[in-house]
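Open the model in your viewer and get ready to select a few side chains.

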Amino acid sequence: MSDSSSDRSAAPVLEIWCDLQCPDCRTALDDLHALRARYGDRLELRLRHFPLEKNKYAFAAAQAAEEAWEQGRGWPYTEALLGRVEELARKGEPFLVEVARELDLDAEEFDTALIDGRHILIVDADQAEGKAIGVTGTPTYVIGGERLDGGKSQEGLRERIEEIADRLLAGQEH
């Protein structure tokens, strides 16, 4: 039996397909902060991994982010990495552990997770799903069944996301 009343209270989901070594994804952080400020818990932001081959440490960064989610600090870690994409490109995998240490996460566990590959399947699954729905670059957003490609230009994207979110939220009030 399906209880549609519980479905109505669920916040709309904005999926952010992201490469954690991507300068355009760093730029998208401002939009994510603004969306969080505007909607709070009424809009669920969900990070999805789409590491691009051209970014040497993006796949490892995605695995490290999964470890951060497991340790309860996914967004702070993700935002810390995105804010320092050049440093990641320069320093490589040791930088992933360094950021974990800065955020008082279990850095040794990060190191172990990167070695044993415990989060590879999650990253692979995200990447496969992204390809299946037509994600080709980052950042790409999916909300209300619409895909918005920020890899080419982020101009007007936040406004478009807000239009869709407002429409979805208005639909919940009926």
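Start with Tyr141 and show its contacts (heavy atoms within 4.5 Å). Leaving aside residues up to four places away in sequence, Tyr141 touches Leu14, Glu15, Ile16, Ala28, Leu32, Glu146, Arg147, Leu148, Gln154, Leu157 and Ile161. A caution before moving on: this is a predicted model, where local features need pLDDT of at least 70 and side-chain atom pairs count only at 80 or more, while totals for chains, interfaces and linings use all residues. Residues are numbered from 1 along each chain as its sequence is written, and side-chain values use heavy atoms, without hydrogens and water.

Next, select Leu14, Tyr77 and Leu96 along with Tyr141: these have the most contacts inside the largest nonpolar core, which has 45 residues. Such a core is a set of buried Ala, Val, Leu, Ile, Met, Phe, Trp, Tyr and Cys residues joined through side-chain atoms within 4.5 Å; buried means under 20% relative accessible area, exposed over 50%, and partly exposed in between (1.4 Å probe, protein chains only). Helix 2 (residues 23-39) supplies the largest share, 6 residues.

Now pick Arg38 and Glu162, which form a salt bridge with closest N and O atoms 2.9 Å apart. The term means a side-chain nitrogen of Lys or Arg within 4 Å of a carboxyl oxygen of Asp or Glu. Arg38 lies in helix 2 and Glu162 in helix 9 (residues 157-172), so the pair ties together parts 124 residues apart in sequence. Helices here are DSSP runs of H or I, at least four residues, numbered from the N terminus. Is Glu162 buried or exposed? At 14% relative accessibility, Glu162 counts as buried, while Arg38 is partly exposed at 40%.

Conventions:
Helices (H or I, at least four residues) and strands (E, at least two) are DSSP runs, numbered from the N terminus.
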